[in-house]
Amino acid sequence: MVKQSKLTLLLLVSFMAIAGCGQSNNSSSETKDNAVKPSESGTTSNSPTTETAETPKEPVEITFYYPVNVGGPLTKVIDGMTSTFMEQHPGIKVNPVYTGNYGDNTVKIQAGVQAKHPPDVAVMMSTELYSMLDMQAITPLDDFIAKDTDINMTDFYPAFLEDTQTEGHTYSIPFQRSTIVLYYNKEMFKAAGLDPEKPPATWDELVADAQKLNKDGHNGLEIPGNDDSYWMFQMLSRQNAADPKQNIMSADGKKAIFNTPENVAALQFWLDLSHKYKAMPEGVIDWATVPTDFIQGKTAMMMHTSGNLTNVRNNAKFEFGVAFSPAQKQFGSPTGGGNLYIFKNTTPEKQAAAWEFVKYMTAPEQAALFSSSSGYVGVRKSAYDTDAMKKYTTDFPQALVARDQLEYAFRELSTHNHGKVSTAITNQIQAALSGQIDAAGALKKAQEEADQALAPFNK
């Protein structure tokens, strides 16, 4: 474009003002060459220009739901990770929404799905896979994974990938993951004449140690038995299973496998810990009460999620150890916690933004940060190769126990109609712990209720 003289430009602008005409479609590209330059003094000439700045593109805005089911300020950690993501991705705005515990989170997500206003991305229990598929709520991630060289699925621990997949598709990415570990008070071990560097490794040792520790105003052992009772039962079931790969449900989520002789014996052992061996309190012990009791020195040992590791580390005023959950026929712990899901009823732009967010939150550096801030297991092998994680685990080797236990870890209870199936087993375990029914009767009734709930999926 040949530059026009200032006089010609003034005449043109004057004519446009008189005629009330707008700028032509081609003027923006042409007048960039004719833009008035600042003078040497730094001031700008009064000559008018037709140059217009491009309107900034609005960032893609997505909503992110997440729960916190353990003690400690994890909301600040997750909100901080989200803020850092937005700094690095200015084209995406993430609205993080803390939704309470896992149960509250699931209820809010289901309500949003039913109202056709789901979150764009959410941390949700890995156990909700089939329920979300039944609601047609989540989108498969296979295309994202196939087209993206930034994510290596073989870097995630296989035990965590197990509950992200069904029928050849991947529907979530591991994020907030755990196993059940044994925490023990080393000072109480010393006082009871036990070796503080030798935690119980078998059921028999657990009983013997807990009996010796169950004195002086504190309990020997506590196992939570309310909302997550099926999780603890699943651990005992695998440890006592004749088949080391036996789970309490089928791989396709269509059958529950509660009422077996080995499972009855596992539940009976749980009952015997209090009723027969007097090694722990009777009745149903609350999930949130157990870590509080441990931190306050009211119990010498507890079975609980590794996700409480940082909470215990920051608040316990005594030296403590962490060990595998004791074995009977073999070691075993179900995995627990939540994965990141992307939802269907959003735009392709929002789904693409959500995928970028998922990748960021599960990258090795972020997995290391979240693990060291919470006690949850770093979900990727490469997270343990980062400098931050190497320093953390060198200073705090207890953090490696849950990761090492992944060798014996397996998928948490997950079925179609999961709410009814998990409620069936949970209610009967609680009834047994409360002395209302025996172990055999509890699992028989739980099996009948689960079979009824799953009948529509087995036609």
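Tutor: Angles under 35 degrees count as roughly parallel, over 145 as roughly antiparallel, 65 to 115 as roughly perpendicular and the rest as oblique. This is a predicted model, with local features needing pLDDT of at least 70 and side-chain atom pairs 80 or more, while totals for chains, interfaces and linings use all residues. Residues are numbered from 1 along each chain as its sequence is written, and side-chain values use heavy atoms, leaving out hydrogens and water.

Let's take helix H3 (residues 74-88), helices (H or I, at least four residues) and strands (E, at least two) being DSSP runs numbered from the N terminus. The axes of H3 and helix H15 (residues 364-374) come within 10 Å and cross at roughly 165 degrees, so the two are roughly antiparallel. Axes here are lines fitted to C-alpha atoms, for helices over the stretch in contact, with angles from 0 to 180 degrees between N-to-C directions. On the H3 side, Leu74, Val77, Ile78 and Met81 make the contact (heavy atoms within 4.5 Å); H15 brings Gln366, Leu369, Phe370, Ser373 and Ser374. Those residues split into six nonpolar (Ala, Val, Leu, Ile, Met, Phe, Trp, Tyr, Cys and Pro), three polar (the others, Gly among them) and no charged (Asp, Glu, Lys and Arg).

H3 also lies across strands E1 (60-66), E2 and E6, running at about 170 degrees to E2. The open sheet is mixed, ordered E2-E1-E3-E11-E6, where pairing takes at least two DSSP bridges between strands. E2 (92-98) and E6 (173-178) are the edges, each with a single partner strand, so one side of each has no neighbour in the sheet.
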